[in-house]
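Good morning, and thank you for coming. I ask you to keep the sequence and the structure in view while I speak.

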Amino acid sequence: MKTVILTIFLICFICLVGCSDDTSSSSSNNNSVNIRSVNDTLAISISTTNHNYNQTIPVLFSVDTLKLMMLVNGYGSGNGFLKILNATDTVFSKDLNSNYNISQSIYNGPPTNAIITLQNYKGNANILLTR
């Protein structure tokens, strides 16, 4: 039940803030990557068909422990990857190459960057990192 509630929250959050005031976006031929990074929150929404994308996103977090929620659905093909780094190390990494729904805490110092890489990627993903 907790996972269902977190998933609904994640989808609502992405819908409410993922499309306005984006710090980065890429959109062409039904391919869209929308990124919103504000203090203590990173939201990423990906909806692509055969898309290439590589972006390093600077993030600003003031706490060491964060909550990560990821929903990948409609995965079709290609390779996708998310990596979250703090000042000295990778604190989280996960491929986007299958359908899943995860919710977990991340430790090891506040993140400073997130990296999204897509290679001929077809699928949808919603990612939320917050305190």
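I shall go from the overall picture to single residues.

First, some ground rules. This is a predicted model, in which local features need pLDDT of at least 70 and side-chain atom pairs count only at pLDDT 80 or more, while totals for chains, interfaces and linings use all residues. Residues are numbered from 1 along each chain as its sequence is written, and side-chain values use heavy atoms, with hydrogens and water left out.

Let us begin with the confidence of the model. The score pLDDT is the predictor's confidence in each residue, from 0 to 100. The protein chain has an average pLDDT of 85, and 78% of the residues score at least 70. Over residues 16–23, however, pLDDT stays under 50. Where pLDDT is low, the predicted coordinates should not be read in detail.

Next, the architecture. The protein chain contains 1 helix and 7 strands, and their order from the N terminus is α-β-β-β-β-β-β-β. These elements are DSSP runs, numbered from the N terminus: helices are H or I with at least four residues, strands are E with at least two. A contact means heavy atoms within 4.5 Å. Of the contacts in the protein chain with a separation of 6 or more, 67% are between residues 24 or more positions apart.

How much of the chain is buried? Of the 131 residues, 43% are buried. Here buried means under 20% relative accessible area, exposed over 50%, and partly exposed in between, with a 1.4 Å probe and protein chains only.

That brings me to the interior. A nonpolar core is a set of buried Ala, Val, Leu, Ile, Met, Phe, Trp, Tyr and Cys residues joined through side-chain atoms within 4.5 Å. The largest such core has 28 residues, and those with the most contacts inside it include L42, I44, M70 and I116. Among the elements that give two or more residues to this core are β3 (41–58) and β7 (113–130). The largest share, 7 residues, comes from β7.

Please turn now to strand β4, residues 66–85, where G76 is found. G76 has 45% relative accessibility and therefore counts as partly exposed. Leaving aside residues up to four places away in sequence, G76 touches K122 and G123. Strand β4 pairs with β5 in the antiparallel sense over 5 bridges; two strands pair if DSSP finds at least two bridges between them. The two strands, β4 and β5, form a hairpin with 4 residues between them, and L82 stands opposite K94 in β5.

Which residue forms a salt bridge with D40? The partner is R131, with the closest N and O atoms 3.4 Å apart. The pair links distant parts of the chain, 91 residues apart: R131 lies in the segment after β7, and D40 in the loop between β2 and β3. A salt bridge is a side-chain nitrogen of Lys or Arg within 4 Å of a carboxyl oxygen of Asp or Glu, and the structure holds 1 of them. R131 is exposed, at 61% relative accessible area, whereas D40, at 10%, counts as buried.

Finally, the backbone. Most residues other than glycine have a negative phi, and most peptide bonds are trans. D40 has a positive phi, near 65°. N50 in strand β3 also has a positive phi, near 60°. N50 is exposed, with a relative accessible area of 53%.
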